[in-house]
Every structure is written in C-alpha cells, then in structure tokens.
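Please read this briefing alongside the sequence and the three-dimensional view.

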Amino acid sequence: MAQRLHLVFGGELVSPEQNVFKDVKDIHIVGMFPDYASAFNAWKGEAQRTVDNAHMRYFIAHIHRLREESKASSLTEEMGI
C-alpha cells in the first residue's frame, strides 16, 4: 500500500485575496503527516491559532500526489534527484 504523506505549512500572505507569501523565508513548516486526518488536525490548530490575522494562511499539500504511482518509480527517482 502506498504511503499518503501530507505537508502542513503556512505563513503571512501579501493579500488575503491571493495565495502569495509575503516572505518565503518566513514560511512556517508545521510538519509532515502520514494521513489526511492528522494533517487536517495540525492545519486546523494552526489556522485557529492565527485566526485574528487575516493575512495568515495554512495549507495542506498532498505530497503523495507528486509521485506518479502508476509507474514503478517517479520521474525524479529515475533522474536521481
């Protein structure tokens, strides 16, 4: 069975209307999680902690979707990256 990794991260946006970070160096990496449920709980905690700042946003990235699971290995693995 394939592992379903999820990355939770966030930071201050330039504008609440855009998903553009004000300073990429200040992105807060919450962590990597083995399933969506635990990633969602981490995301929710950070989102609630920063709810008073309209410019703060947290996201869940589905890391497992970066792999081409229909192939024996992904393109990055084939290239040795």
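Strand β1 is largely enclosed by the rest of the structure, because six of its seven residues are buried, where buried means under 20% relative accessible area, exposed means over 50% and partly exposed lies in between, computed with a 1.4 Å probe on protein chains only. Helices (H or I, at least four residues) and strands (E, at least two) are DSSP runs that are numbered from the N terminus. This is a predicted model, in which local features need pLDDT of at least 70 and side-chain atom pairs count only at pLDDT 80 or more, while totals for chains, interfaces and linings use all residues. Residues are numbered from 1 along each chain as its sequence is written, and side-chain values use heavy atoms, with hydrogens and water left out.

**Confidence**

- The average pLDDT of the protein, on the predictor's scale of confidence in each residue from 0 to 100, is 85, and 79% of the residues score at least 70.
- Among the elements, strand β2 (residues 28-33) has the highest mean pLDDT, at 97, whereas helix α2 (residues 75-79) has the lowest, at 48.

**The sheet**

- Strands of a sheet pair through backbone hydrogen bonds, either parallel or antiparallel.
- Here three strands form an open sheet in the order β2-β1-β3 with antiparallel pairing, two strands being counted as paired if DSSP finds at least two bridges between them.
- The edge strands, each pairing on one side only, are β2 and β3 (56-62).
- Neighbouring strands of this sheet are turned by 15 degrees against each other on average, direction ignored; for such values, axes are lines fitted to C-alpha atoms, for helices over the stretch in contact, and angles run from 0 to 180 degrees between N-to-C directions.
- Strand β1 (residues 6-12) is joined to β3 by seven antiparallel bridges, and in that pairing Gly11 has Arg57 of β3 as its bridge partner, while His6 has His62 of β3.
- Five bridges connect β1 with β2, again in the antiparallel sense, and Leu7 has Met32 of β2 as its bridge partner.

**The helix on the sheet**

- Helix α1 (residues 36-49) packs on the sheet and touches β1, β2 and β3, its direction making about 170 degrees with that of β3.
- Glu46 belongs to helix α1 and counts as buried, with a relative accessibility of 15%.
- Leaving aside neighbours within four places in sequence, Glu46 is in contact (heavy atoms within 4.5 Å) with His28, Val30 and Tyr58.
- The side chains of Glu46 and Arg49 are joined by a polar contact of 2.6 Å, a term for a pair of N or O atoms within 3.5 Å, of which, within protein, one must be able to donate a hydrogen and the other to accept it, with residues adjacent in sequence counting only if both atoms are side-chain atoms.

**Aromatic rings**

- The whole structure holds five aromatic pairs, meaning rings of Phe, Tyr and Trp (its six-membered ring) whose centres lie within 6.5 Å, with planes under 30 degrees apart called stacked, over 60 edge-to-face and the rest tilted.
- One of these pairs, Phe40 and Trp43, is tilted, at 5.3 Å centre to centre and 35 degrees between the planes.
- Because Phe40 and Trp43 are three residues apart in helix α1, they are separated by about one helical turn.
- Phe40 is partly exposed at 30% relative accessible area, and Trp43 is partly exposed at 27%.
- Phe9, Phe21 and Phe59 form one aromatic cluster.
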